[in-house]
Amino acid sequence: KQSKLASHALTKEHLTNVSKMTGYYSTKSKGSIVEQLSTAHKKNILNNRSYMKKLIDIILLLSRQGIAFRGHIENTNSLNKGNFQEMCSFFSKYDSEFNRMFSNSISYSSPKIQNEIIALCSQNVKDIIFSEIKETGYFAIMCDDARCHKEEQMSICVRYTKKFKVFERFLGFIDVSQKQDAESLTSAILNFLEQSNISNIPIVAQSYDGAAVMSGKRAGVQTKLKEYYSSAIYVHCMAHRINLVVIDMCKNIKEAKQFFNSIEALYVHFSRPSTNFKLKEMQNKLNIKATTLMAISDTRWVCRIQNCDAVYNNFEVLIEVLNDEVDLNKDMDVAQAIGLLSSIQKASFIIYLIILQDVLKVINILSNQLQKKTSTLGEARNIILGVIQTFENYRSSNKFNEIWSKITNFAEKHNIPIETPSKGFNSKRKRKESTYLRDYCTSTTTGNEYSEFDESSLNISDQENWKINAYYRILDAIITSMKTRFSSESLHLASSVDSFFKLQFKESLPFIQHYEKLLDINIESLEAEMTVIKNSIQNSDFTLSDVLQKIDQNVFANLYKLMQVALTLPISSASCERSFSVMRRIKTWIRSSMNQDRFTDMSILHIERDISNIIESENILNNFALKNRRIDL
């Protein structure tokens, strides 16, 4: 017979209570069912968010680098599924949880999701830029357009300051293929500003190239934009202007044009694989740094100086390769090699090579300065005047003596005789320049043989001949063109801004009065503020940085606002030109079908790296999760 205790252990009440007690202890250690379900849900969300953040980081990495996402075929049998899929597969090898989710049918890695994430990242960058512009209260706009795969793309960039620090930012590309007249371009710019929610912020300046559709005083974009933003003063891109100075010189001086035609012929000849291989082989043999020639282009600003340097440093190599081609006499290109040898071994070629190399180096310094994002209008004016003064100082016998010494040494090294072309020229009848043109400055003639050397030049030395008829002509052409394109009228605003930076009140009045109403400036208070700042700086040779350190926004309110605007004024549209380099890297011929939004968004992430580098994937994911998704986030 069982004891009472054993009998009780078998009763329904006891078994129920034991079950409840076991459940109670289990709940204490593992939590309730509701809590367990809740914990599992939280864990699932954390895993999902971790997976999505890795996808966002992969997309950001590819976008920053400007790398293509997709492959030609992305199915499981493909050997190359594209950069995005391959990067995800690489992650899967080292992260089992990522591999599990990426292998699911719903992996959130489709092109549509990629586009959404790219757009969110791009909008994050733009929001930061727009907030900084709104904080400042005004900005300058820079535009330019270029062709890309049968489309005309207009680049929009802005310039603004934040606590006296200058920023030039890229905002996007606009497809203006339908029409490129002033009305259509202005409408495209205004619509873009409206969509960006910055149309109500004043534009204080605008900078474009010199194309009539952009710079026209009556019906150009700059005039039409002033109808909406009256204070948006137009600044003709100074980097484009200095490039036009070089182009003018090449067009007006026949010998300079012939010189660059010879350079172009060299480029064409050595762009063929066989001759290019021989060139590199000879460079290695002679222990010369490998450099190549580039095509001469009116829009590639550094091509001329780089080609002059390349020919000067590789002259011996070029001669050796061309001589080898002539000696081998294997193909039809021998005639071209003979012609090139004849051209580059002339005295005129090496004289113009060394003169133009010396001159273009000075212009290249100015060009680089004008392309800097942080350069101000006052600085640009000073360096322009400095370059003009440099060329005027160069126009002397002492400077040419230095160049002539370099020419003679180079000629002796390569066994090239230096002489005046007209000496020994036995023509039955020399065609002379018309007497009607004696009182005029003629830059080039059509029928006068060796027109650069008159009869009187036969009685003077070769050095003097080349100085007068080559060196001085090049300098005169550049000085005249620079004084025309950078006249005192065109630099009037720049001079006024420079005076403002130097705290010269009267001389800076044109600049002050232009923005007086827009910024609500009190002229009398401004004069007092400028005087106090000027007197508080101990050093009489103070710089702009010395002035900026003294300006307090609350104490010198008028001066602070005007100083911000003075720093905001652009000097060039070089930022737009830089964006076109990115355009051709991103929208290549195998990616030419990319839609406009994706193209613009990827360009922003690639160009504005200082902002896109600090994007938090957590913030992007939170915005991504605002829409209903099939995955719990």
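Biologist: Why is Asp-476 called partly exposed?

Modeller: Asp-476 has a relative accessibility of 29%, and the label covers values between buried (under 20% relative accessible area) and exposed (over 50%), with a 1.4 Å probe and protein chains only as cover; Asp-476 therefore counts as partly exposed. This is a predicted model, in which local features need pLDDT of at least 70 and side-chain atom pairs count only at pLDDT 80 or more, while totals for chains, interfaces and linings use all residues. Residues are numbered from 1 along each chain as its sequence is written, and side-chain values use heavy atoms, with hydrogens and water left out.

Biologist: What makes Arg-395 and Asp-476 a salt bridge, and where does each of them sit?

Modeller: The N to O distance between their side chains is 2.6 Å, and the term asks for a side-chain nitrogen of Lys or Arg within 4 Å of a carboxyl oxygen of Asp or Glu, so the pair qualifies. Arg-395 is in the loop between helix 17 (377–394) and helix 18 (397–413), whereas Asp-476 is in helix 19, and the two are 81 residues apart, which makes this a link between distant parts of the chain. Helices here are DSSP runs (H or I, at least four residues) and strands likewise (E, at least two), numbered from the N terminus. Arg-395 has a relative accessible area of 36% and is therefore partly exposed.

Biologist: What surrounds Asp-498, once its neighbours within four places in sequence are left aside?

Modeller: Asp-498 belongs to helix 20 (residues 492–501), and its contacts (heavy atoms within 4.5 Å) are with Gly-378, Arg-381 and Asn-382. With Asn-382 there is a polar contact, side chain to side chain, at 3.1 Å; the term needs a pair of N or O atoms within 3.5 Å, where, within protein, one must be able to donate a hydrogen and the other to accept it, and residues adjacent in sequence count only if both atoms are side-chain atoms.

Biologist: Why is Ser-262 called buried, and which residues does Ser-262 contact beyond its sequence neighbours?

Modeller: Ser-262 has a relative accessible area of 16%, and is therefore buried. This residue of helix 11 (residues 254–270) is in contact with Leu-340, Ser-343 and Phe-349, leaving aside neighbours within four places in sequence. Ser-262 and Ser-343 are 81 residues apart in sequence, yet 7.0 Å apart in space, C-alpha to C-alpha.

Biologist: What is noted about the phi of Tyr-108 and of Lys-150?

Modeller: Neither is a glycine, and phi is positive in each, about 55° for Tyr-108 and near 65° for Lys-150. Tyr-108 occupies the loop between helix 5 (96–102) and helix 6 (111–136) and counts as buried because its relative accessibility is 11%. Lys-150, in the loop between strand 1 (139–148) and strand 2 (151–162), is exposed because its relative accessible area is 83%.
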